[in-house]
Structure formats: C-alpha cells, structure tokens
Amino acid sequence: MSVLVKNMSALQQDWPEPVVRVQSLSDSGITEIPSRYVKPISDRPSDVITPSGCDGFFSEGVDSIPIVDLGVEDTSEVRDQVSRACRDWGFFQAVNHGVSPELMDRAREVWRQFFHLPMELKQPYSNSPRTYEGYGSRLGIEKGAILDWSDYYFLHYLPTCLKDFNKWPALPASCREVIEEYGKQVVALAGRLMKILSASLGLEEDFLQREFGGDDIGACLRVNFYPRCPQPDLTLGLSPHSDPGGMTLLLPDDHVPGLQVRRNDRWITVKPARHAFIINIGDQIQVLSNAIYKSVEHRVIVNSAEERVSLAFFYNPKSDILIGPAKELVTPESPALYSPMTFDQYRLFIRMRGPGGKFQVDSLMSPRPSGQSCGGRGSIFNVD
C-alpha cells in the first residue's frame with residue numbers, strides 16, 4: 001500500500017483549528033493582522049515590480065505575460081504564440097476567446113454579492129478538508145500553519161456525478177444559473193485550448209484531451225475573495241504555488257491587481273487585459289509534456305484600499321487515470337522525468353500539505369540513471 005493511500009484516512013472531517021473568516025477580520029476594523037497571517041520575512045511581498053504611472057499594473061512591453069488573440073484566422077500563428085508563451089512563461093492571456101464578456105462580468109459580480117451576504121446566509125455552505133467543496137478560509141490541514149489572507153468558495157462542475165446543486169449558493173438568486181452557463185462556456189474554451197496545446201507540442205490535436213479522459217474529465221471552480229488588509233506588506237492572499245491540475249483559466253478582478261508570476265527569481269504583477277482569461281499550465285500538463293511546458297509558481301498580494309474577487313476554473317484529468325510523460329515526447333536524449341500517478345493521488349498529496357511553491361511537482365521527478373541529472377532531486381513519493 002502506498003504512503004498516499006495510508007494517508008487517506010488522515011484527512012479530517014473538520015479543520016484542525018476553529019475557522020476564522022478573513023472577511024470578518026477585515027470588516028472588524030483591526031489595524032494589525034493576527035500573527036497567524038504574518039508570513040516569514042523571506043516570504044513577505046518584496047521585490048515587487050510596479051512601474052510608475054500604471055496604478056499598480058505593468059505597462060505594456062514591460063516584462064508582461066504574453067497576450068494571445070484566439071480570434072486570429074491563422075491557426076499556425078496562434079499555435080506558435082501559445083507554444084512560445086508556454087515555454088517561456090507558463091502563462092498567457094487569451095483574448096477574443098468566445099466566452100461572452102457580459103457573462104464574465106455577471107459571474108464576477110454575482111460572486112462578489114455572495115461574499116457580501118450576511119454571515120448567517122454563507123455559513124451553512126462551510127466546507128471541510130475532506131472535499132474542500134463550499135465556503136472556506138484555509139488550505140491544508142497542518143495544525144498551526146501560517147494562513148493566507150483570503151476566503152474562497154470551491155465547487156465541482158464536472159464530472160456531472162460530482163455536481164451537487166445543493167452545495168452551490170442559492171443566493172444571490174441568479175447565482176446557480178450564472179455558474180452553470182459560465183461553466184459551460186469556459187469548458188468549451190478549455191477544450192479548444194487543449195487542441196492548441198496538443199498541436200503546439202507536435203502531437204495530434206486530440207492528444208491531451210484523450211489523455212485527460214476524453215469527455216470524462218474533471219472541472220471545478222474556486223472563487224477567491226481577498227478582503228482589504230491593514231498590513232499587506234506582512235502577508236499574502238495566496239501563498240506561492242503551482243496549480244496541481246491540468247490547466248487553469250482565471251477570470252481576474254477587473255479593477256484591482258494582485259496576481260504575481262515568478263519569473264527569473266522576480267515577482268511580476270500581472271496586468272489583466274480587458275475581458276481576457278489568464279491561462280496557466282498546471283502540474284499535470286508539465287508531467288504529460290515531460291516538462292517541455294512547465295507549471296509556474298505564482299502568488300497573490302493584497303492591499304489596504306480595496307478587496308479583490310477572482311474566479312479560477314480548473315480543467316483537470318479524470319481523477320483515476322494514470323498521468324505520465326507522453327511516449328511521443330520521450331527520447332533517449334529526453335528520458336521520462338516522472339512516474340505515472342493518478343490525479344486523485346496527486347491531489348491528495350497536495351491537500352495534505354497546502355500550497356508549497358514548485359516543491360510538490362518537482363519532488364516527484366524520477367531519479368536519473370548514473371551520469372544523468374535531474375537537478376539533484378530524487379523522487380521522495382512512492383506510489384507503488
């Protein structure tokens with residue numbers, strides 16, 4: 001029995017300490033954040049690149065993540081732009097993507113309204129560490145962990161057997177309707193992007209989708225709420241991490257910056273294009289591509305003046321399919337870097353620990369034969 005399976009029973013039905021809603025702390029008028037949210041000095045926001053004259057955003061052409069216009073008729077140009085973005089950044093912004101701009105605005109606003117409901121209407125949706133589904137305020141189950149300055153709502157969209165409308169907010173009145181239509185349109189976009197990613201790796205267009213399970217894939221939504229923070233220089237809205245799934249389609253806040261991407265040992269604040277999705281590679285595509293495309297560490301900063309709302313839609317492999325490097329991308333010169341693992345196994349590995357930079361996926365790299373190197377890391381996670 002694997003270490004992972006043995007640890008399944010360790011997942012608790014409830015959190016290791018009483019859950020405190022960060023929004024309630026913010027609304028209470030405190031001038032100092034509790035010590036549980038103060039990051040070690042090395043992890044606090046610093047070396048933040050914010051050119052003057054752009055309200056905290058990057059100006060165009062200043063180390064900004066690439067923007068890819070999916071409406072361009074030349075599909076080879078789109079494919080090449082995506083390939084360069086994934087190799088160089090692991091991130092890109094998609095514009096003219098086919099999702100209704102009006103629906104994007106409605107989705108963001110209906111969730112903002114949810115977080116501003118009275119606590120007694122939100123609390124019945126509280127989640128547990130067993131599934132994370134529902135209204136939450138912490139990630140990971142380590143007792144005494146330093147927490148992030150954020151609340152969130154997590155729900156399943158696919159497969160349909162996991163879609164439980166009773167766990168979706170009933171208020172605001174249009175919330176469930178908006179979630180359903182938003183999910184439908186974003187899933188269609190994700191399927192289109194999977195074809196582009198496959199072709200950009202020199203694979204058949206349906207390769208990645210097929211490896212993910214065909215039509216039987218997983219998709220879920222995490223809505224992030226980052227309240228105002230009286231000491232934003234001491235904490236983070238979300239700690240550095242790479243996304244464990246396949247691909248993330250992020251609808252960012254349309255007014256307030258916050259997402260930062262790690263590039264060349266610097267943290268770069270992303271300037272969202274209007275009605276764009278921010279797309280990033282997850283750990284599962286890093287594994288399937290044999291690290292040709294790499295998931296990239298990112299984090300979220302907070303501020304003292306304004307709250308933020310963002311919607312992260314995760315497009316994932318079927319939970320019980322083994323994911324390993326594509327044999328088409330494995331050569332004697334580029335041997336397989338990872339042993340196959342199901343997404344369920346990997347997700348539990350992450351859930352036990354919470355965000356951990358790039359450590360999670362990098363720790364799974366297979367030991368190299370004598371004379372080959374994988375950066376000094378051997379696999380510390382046995383799934384046999």
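I take a contact to mean heavy atoms within 4.5 Å. With that rule I looked up F277, which, leaving aside residues up to four places away in sequence, touches F92, Q93, A94, H97, V99, M104, Y182, V186, L189, L249, L250 and L251.

**Basis of the entries**

I am working on a predicted model, in which local features need pLDDT of at least 70 and side-chain atom pairs count only at pLDDT 80 or more, while totals for chains, interfaces and linings use all residues. I number residues from 1 along each chain as its sequence is written, and side-chain values use heavy atoms, with hydrogens and water left out.

**Overall make-up**

I noted ten helices and 15 strands in the protein, where helices (H or I, at least four residues) and strands (E, at least two) are DSSP runs numbered from the N terminus. Of the 384 residues, 54% count as buried; here buried means under 20% relative accessible area, exposed over 50%, and partly exposed in between, with a 1.4 Å probe and protein chains only. Of the contacts with a separation of 6 or more, 78% come from residues 24 or more positions apart.

I traced an open sheet of eight strands in the order 2-3-11-8-13-6-5-4, with mixed pairing, taking two strands as paired if DSSP finds at least two bridges between them. Its edge strands, each pairing on one side only, are strand 2 (67-69) and strand 4 (134-136). Neighbouring strands of this sheet are turned by 25 degrees against each other on average, direction ignored; axes are lines fitted to C-alpha atoms, for helices over the stretch in contact, and angles run from 0 to 180 degrees between N-to-C directions.

At strand 4, I found three bridges to strand 5 (residues 151-158), the two running antiparallel, and G134 stands opposite F154 in strand 5. Helix 4 (residues 101-115) lies across strands 4, 5, 6 (218-226), 8, 11 and 13, and runs at about 130 degrees to strand 5. Helix 6 (residues 175-200) also packs on the sheet, where it touches strand 3 (91-95) and strands 5, 6, 8, 11 and 13, its direction making about 130 degrees with that of strand 8.

**Strand 8**

How many residues of strand 8 are buried? Five of the five (residues 247-251) are, so strand 8 is largely enclosed by the rest of the structure. M247, L249 and L251 point one way from this strand, and T248 and L250 the other way. I recall that side chains alternate between the two faces of the sheet in a regular strand.

Strand 8 is joined to strand 11 (277-281) by four bridges, in an antiparallel arrangement, and M247 has I281 as its bridge partner there. With strand 13 (residues 308-316), strand 8 pairs in the antiparallel sense over five bridges, and T248 has F314 as its bridge partner.

**Cores**

I looked next at the largest nonpolar core, which has 66 residues, and in which W111, M247, L249 and F277 touch the most other members; such a core is a set of buried Ala, Val, Leu, Ile, Met, Phe, Trp, Tyr and Cys residues joined through side-chain atoms within 4.5 Å. Helix 6 gives the largest share of this core, twelve residues. Apart from it lies another core, of 18 residues, among them V261, I268, V296 and F314.

**Aromatic rings and charges**

I counted rings of Phe, Tyr and Trp (its six-membered ring) as paired if their centres lie within 6.5 Å, with planes under 30 degrees apart called stacked, over 60 edge-to-face and the rest tilted. The count comes to 16 aromatic pairs. Y37 and W149 form an edge-to-face pair, at 5.3 Å centre to centre and with 80 degrees between the planes; the two residues are 112 residues apart, Y37 in the loop between helix 2 (22-27) and strand 1 (48-49) and W149 in the loop between strand 4 and strand 5. Both Y37 and W149 are buried.

F114 and Y135 form another edge-to-face pair, at 6.0 Å centre to centre and 90 degrees between the planes. F114 lies in helix 4 and Y135 in strand 4, so the pair ties together parts 21 residues apart in sequence. Ring pairs link W111, F114, F115, Y125, Y135, Y153 and F225 into a cluster.

I let a charge sit over a ring if NZ of Lys or CZ of Arg is within 6 Å of the ring centre and within 35 degrees of the ring normal. The charged end of R21 sits over the ring of Y135, 3.9 Å from its centre, and R263 lies over the face of W89, at 4.0 Å from the ring centre.
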